[in-house]
Amino acid sequence: MRRLTILRDREMKDSDPFTLALSALGWILSDENHADRFLALTGVSPDELRARLNEESVLVAVLDFVLAHEPDTIACAQALNIEPQVLVAAQAQLADRGRHGMDADWGA
């Protein structure tokens with residue numbers, strides 16, 4: 001199994017949801033098939049993705065993508081050295097922030 005080198009020695013359990021979502025995005029982008037599927041499903045270009053990385057709605061979309069397919073959820077969690085539930089909790093926290101008007105909708 002391939003692990004992300006940049007994350008190999010980091011403890012992710014206590015990371016904030018923003019950091020976890022960015023780490024999950026790194027996992028997505030480390031695989032060409034995942035990256036292509038993510039971009040196709042979201043309908044954004046790599047440039048738009050880069051420009052919007054600080055938006056909760058983008059980070060929620062990243063975690064939604066990972067959580068939508070259980071094998072991806074498990075593989076991402078293993079690569080980040082966390083339990084899958086940590087990804088679920090991060091998605092819920094970021095989605096809750098977005099519902100409270102702290103962020104624009106993804107794809108807007």
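Trainee: Which residues does leucine 59 touch, not counting residues up to four places away in sequence?
Mentor: Contact means heavy atoms within 4.5 Å. With residues up to four places away in sequence set aside, leucine 59 touches Phe18, Ala21, Leu22, Leu53 and Leu94.

Trainee: What kind of model is this?
Mentor: Residues are numbered from 1 along each chain as its sequence is written, and side-chain values use heavy atoms, with hydrogens and water left out. Local features need pLDDT of at least 70, side-chain atom pairs count only at pLDDT 80 or more, totals for chains, interfaces and linings use all residues, and the model is predicted.

Trainee: How many helices does the chain have?
Mentor: Helices (H or I, at least four residues) and strands (E, at least two) are DSSP runs, numbered from the N terminus. From that end the elements run α-α-α-α-α-α. There are 0 strands, and the helices number 6.

Trainee: Is leucine 59 buried or exposed?
Mentor: Leucine 59 sits in helix H4. Buried means under 20% relative accessible area, exposed over 50%, and partly exposed in between (1.4 Å probe, protein chains only). Leucine 59 has 0% relative accessibility, so it counts as buried.

Trainee: How far apart in space are leucine 59 and leucine 94, C-alpha to C-alpha?
Mentor: In sequence, 35 residues separate leucine 59 from leucine 94. Leu94 is among the residues that leucine 59 touches. In space, C-alpha to C-alpha, the distance is 7.4 Å.

Trainee: Which class of aromatic pair do phenylalanine 38 and phenylalanine 65 form?
Mentor: The structure holds 1 aromatic pair. Its ring centres, in phenylalanine 38 and phenylalanine 65, are 5.3 Å apart and the planes stand at 85°, so the class is edge-to-face. The pair links distant parts of the chain, helix H2 (residues 32–42) and helix H4 (residues 56–67), 27 residues apart. Rings of Phe, Tyr and Trp (its six-membered ring) pair if their centres lie within 6.5 Å, with planes under 30 degrees apart stacked, the rest tilted, and those over 60 edge-to-face.

Trainee: How do H1 and H2 lie to each other?
Mentor: Axes are lines fitted to C-alpha atoms, for helices over the stretch in contact, and angles run from 0 to 180 degrees between N-to-C directions. Angles under 35 degrees count as roughly parallel, over 145 as roughly antiparallel, 65 to 115 as roughly perpendicular and the rest as oblique. H1 and H2 pack at about 115°, with axes 6 Å apart. That makes them roughly perpendicular.

Trainee: Which residues of H2 make the contact with H1?
Mentor: On the H1 side stand Leu25, Trp27, Ile28 and Leu29. On the H2 side stand His34, Ala35 and Phe38.

Trainee: How many charged residues are in the contact of H1 with H5?
Mentor: The axes of H1 and H5 come within 10 Å and cross at roughly 110°. Leu20, Ser23, Ala24 and Trp27 in H1 meet Asp72, Ala75, Cys76, Ala79 and Leu80 in H5. Ala, Val, Leu, Ile, Met, Phe, Trp, Tyr, Cys and Pro count as nonpolar, Asp, Glu, Lys and Arg as charged, and the others, Gly among them, as polar. The contact of H1 with H5 has 7 nonpolar and 1 polar, and the charged count is 1.

Trainee: Which residues is threonine 73 in contact with, leaving aside its neighbours within four places in sequence?
Mentor: Threonine 73 lies in helix H5. It is buried, at 8% relative accessible area. Beyond its neighbours within four places in sequence, threonine 73 is in contact with Val66, Leu67, Pro84 and Leu87.

Trainee: What is phi of asparagine 81 near?
Mentor: Asparagine 81 is in the loop between H5 and H6. At 36% relative accessibility, it counts as partly exposed. Its phi is positive, in a residue other than glycine, and lies near 60°.
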